[in-house]
Amino acid sequence: MDDLDRQILDSLRRDARTPYTEIADEVGTSEGTVRNRVERMMDDEIIERFTISTRTGNVKAMVEISVAVDVDTKAVSERMATWEEVDFVWMVSGEQDIVLVVDATDTRGVNDLITQARDQEEVVSTKTRLILDEELG
């Protein structure tokens, strides 16, 4: 991955719907070059998916989860990724092992999800942070 790839990714992070022609003008190359590089980054799994960010009025939170030492964190993460309110699942280093980024209709929905997480036999503890505001880069 070179500097041009990074510039293309920066543009797509701001708005994944940006036309390739607009990205090409922004980074100083052709539309074909942008298209080919995006396709290559998708083939190489540098770009995993295109997604959207919403301002739904919902309650967003990060639920940090610690699991027992002998647990397959990947398996737990994959299971939690299927939960309806979960937007992202990150396996992280530090005190916690997994972070869920949650988008629920209200605080009751967040609390229900925390309870669901705590009901998993592998989960040792949880810590929750409500997301008060976000800025998209």
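Lys 60 stands opposite Ile 131 in strand 4.

Four strands make up an open sheet, ordered 2-3-1-4, with antiparallel pairing. Its edges are strand 2 (86–91) and strand 4 (123–131), each of which pairs on one side only. On average, neighbouring strands of this sheet are turned by 20 degrees against each other, direction ignored.

| Strand pair | Bridges | Direction |
|---|---|---|
| strand 1 and strand 4 | eight bridges | antiparallel |
| strand 1 and strand 3 | seven bridges | antiparallel |
| strand 2 and strand 3 | five bridges | antiparallel |

Strand 1 covers residues 59–67. It is mostly covered, with eight of its nine residues buried. Individual bridge partners show how strand 1 is placed in the sheet. Val 63 has Thr 128 as its bridge partner in strand 4, while Met 62 has Val 101 as its bridge partner in strand 3. Val 101 is also the bridge partner of Phe 88, a residue found in strand 2.

**The hairpin and its loop**

Strand 2 and strand 3 form a hairpin, and six residues lie between them. Gly 94, in the turn, has a positive phi of about 115 degrees. Gln 96 is found in the loop between these strands, strand 2 and strand 3. Is Gln 96 buried or exposed? Gln 96 counts as buried because its relative accessibility is 13%, under the 20% limit for that class. Leaving aside residues up to four places away in sequence, Gln 96 touches Glu 64, Ile 65, Ser 66 and Lys 127.

**Phe 88 and the aromatic pair**

The structure holds one aromatic pair. Phe 88 and Trp 90 form this pair, which is stacked, with 6.5 Å centre to centre and 25 degrees between the planes. The pair counts as stacked because planes under 30 degrees apart fall in that class.

Helix 4 (residues 73–80) lies across strand 1, strand 2, strand 3 (98–104) and strand 4, and runs at about 170 degrees to strand 2. Helix 5 (residues 107–118) lies across strand 1, strand 2, strand 3 and strand 4 too, and runs at about 160 degrees to strand 4.

The domain assignment divides the protein chain into domain 1 (3–44) and domain 2 (59–130). How far apart are the centres of domain 1 and domain 2? They are separated by 33 Å, taken over C-alpha atoms.

Tyr 20 gives a view of helix 2 (residues 20–27), in which it lies. Tyr 20 is partly exposed, with a relative accessible area of 25%. Apart from residues up to four places away in sequence, Tyr 20 touches Glu 31, Val 34, Arg 35 and Val 38. Tyr 20 and Val 38 are 18 residues apart in sequence, and their C-alpha atoms are 9.2 Å apart in space.

**Confidence**

The mean pLDDT of the protein chain is 90, and 94% of its residues reach 70 or more. Which elements have the lowest and the highest mean pLDDT? The lowest value among the elements is that of helix 1 (residues 3–14), at 88, and the highest is that of helix 4, at 96. Where pLDDT is low, predicted coordinates should not be read in detail.

Notes: Residues are numbered from 1 along each chain as its sequence is written. This is a predicted model: local features need pLDDT of at least 70, side-chain atom pairs count only at pLDDT 80 or more; totals for chains, interfaces and linings use all residues. Side-chain values use heavy atoms; hydrogens and water are left out. pLDDT is the predictor's confidence in each residue, from 0 to 100. Helices (H or I, at least four residues) and strands (E, at least two) are DSSP runs, numbered from the N terminus. Rings of Phe, Tyr and Trp (its six-membered ring) pair if their centres lie within 6.5 Å; planes under 30 degrees apart count as stacked, over 60 as edge-to-face and the rest as tilted. Two strands pair if DSSP finds at least two bridges between them. Axes are lines fitted to C-alpha atoms, for helices over the stretch in contact, and angles run from 0 to 180 degrees between N-to-C directions. Contact means heavy atoms within 4.5 Å. Domain bounds come from an automatic or database domain assignment. Buried means under 20% relative accessible area, exposed over 50%, partly exposed in between (1.4 Å probe, protein chains only).
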